[in-house]
Amino acid sequence: MDGRAARTAGQPFVEFRDVDKSYDGRVLAVRGLNLTILRGEFLTLLGPSGSGKTTTLNMLAGFERPVRGSITLDGRPVDRLPPYERNIGMVFQNYALFPHMSVAENVAFPLGVRRVGKAEAGDRVRRALAMVRLEGYGERRPAQLSGGQQQRVALARALVFEPALVLMDEPLGALDRKLREHMQIELKQLHDMLGITILYVTHDQAEALTMSDRVGVFRDGSIVQLGTPDVLYNSPADAFVAGFIGDNNLFDGVVERIEGDTCRVRLEGGLSVIACPKQINGNGSVRLAVRPECIRLGDAAAENSFLARLEGRIYLGDHQQLLVRLPNGQPVAVKTEAALSTTPGQSVTLNWAAADCWAFPAASGDNHTAKRKEQGG
């Protein structure tokens, strides 16, 4: 069993049971939340702005209290404990470093609050800085560090008092793309080395898929799907998850008939598509989802084949993204190899298999919400 499988087979460490949270006494920011985080797991909460993910993290940290339900940490109720009694490390997007303190003093701050002796504190600070590869930086001030280095200091400060649980709220959001991707690898390696439990909040679905053992997708205060990254990507529970995790072409249509494991859906303009029904029991409005990388150009043996017009091309180095328009005016994104020769204006044939085209009940997905992928939550 690999490390990820071993962790997700572990014992419950954090449990939310029937948790509700409201800020105004009327609207629930989090509703009926039941969530178990396993010991040593890297669990990410993912969702658009206002979906409830940050509120959930803040309730576990002690910054907010639920109006109903219970939260336990290692079997102990914590929903009425102040933050400083929960023994939880925190890493924020803005780092929250003290500018007038040195790196070493910033990292040592949680130890002073806990009245750790000077000698032991010095040893712990050195070990924490070594873990994040900042040996020799102890005397510098935060302003003398790069963004990535400041984030490592914040991480060292969260780890220095050896918490069993670390909460991270959009910790890489302020970094540029290349540094953010580098820090994702470092965070994952550090998690694997230390075996700590991490609850991570982000709006970035690529970040969630890269680092997590499991991902909980939030919408309107509830988790709509919780699973491993590959399950979320390959078997989304509804159109919202399909639209939020990765890229998808979303089409609206009406089921004409269900034939065994497939259904025939009529789109606007009369086009007929064969798809794989998800939670569909009969005729009605549906939303289809097919990923750009599942669409092929040219002649192919596939249940769905359409003559279309190529309207645009974006070269992305290792692949190219094509914008193609179906006869009914529906735009379609296609991801294909970079070497394929294409010319805007040419006619092309699009092909995709029914198994790669999911049909969800239309009410289960909001296209605008699913495609926003905003910050916050």
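Residues 24 or more positions apart make up 70% of this chain's contacts (heavy atoms within 4.5 Å) that have a separation of 6 or more. Keep in mind that this is a predicted model, where local features need pLDDT of at least 70, side-chain atom pairs count only at pLDDT 80 or more, and totals for chains, interfaces and linings use all residues. Residues are numbered from 1 along each chain as its sequence is written, and side-chain values use heavy atoms, with hydrogens and water left out.

**Whole chain**
- You get 10 helices and 20 strands here, taken as DSSP runs numbered from the N terminus (H or I with at least four residues for helices, E with at least two for strands).
- The C-alpha trace spans about 75 × 45 × 45 Å along its principal axes.
- Out of 377 residues, 49% count as buried, meaning under 20% relative accessible area, with exposed over 50% and partly exposed in between (1.4 Å probe, protein chains only).

**Helix H2**
- Helix H2 (residues 53-61) is largely enclosed by the rest of the structure, because 9 of its 9 residues are buried.
- Among those buried residues are Lys 53, Asn 58 and Met 59.

**Helices H5 and H6**
- The axes of H5 (residues 147-159) and H6 (residues 177-194) come within 11 Å and cross at roughly 20 degrees; axes are lines fitted to C-alpha atoms, for helices over the stretch in contact, and angles run from 0 to 180 degrees between N-to-C directions.
- H5 and H6 are therefore roughly parallel to each other (angles under 35 degrees count as such).
- From H5, Gly 147, Gly 148, Gln 151, Arg 152, Leu 155 and Leu 159 meet Leu 179, His 182, Met 183, Glu 186, Leu 187, Leu 190 and Leu 194 of H6.
- That H5 and H6 contact splits into 7 nonpolar, 4 polar and 2 charged residues.

- Asp 74 is not a glycine, yet its phi is positive at about 55 degrees.
- Asp 74 sits in the loop between strand S4 (68-73) and strand S5 (76-77), and at 47% relative accessibility it counts as partly exposed.
- Gln 279, also not a glycine, has a positive phi of about 60 degrees.
- The loop between strand S13 (272-277) and strand S14 (285-290) holds Gln 279, which is exposed with a relative accessible area of 57%.

Technical notes: Angles under 35 degrees count as roughly parallel, over 145 as roughly antiparallel, 65 to 115 as roughly perpendicular and the rest as oblique. Ala, Val, Leu, Ile, Met, Phe, Trp, Tyr, Cys and Pro count as nonpolar, Asp, Glu, Lys and Arg as charged, and the others, Gly among them, as polar.
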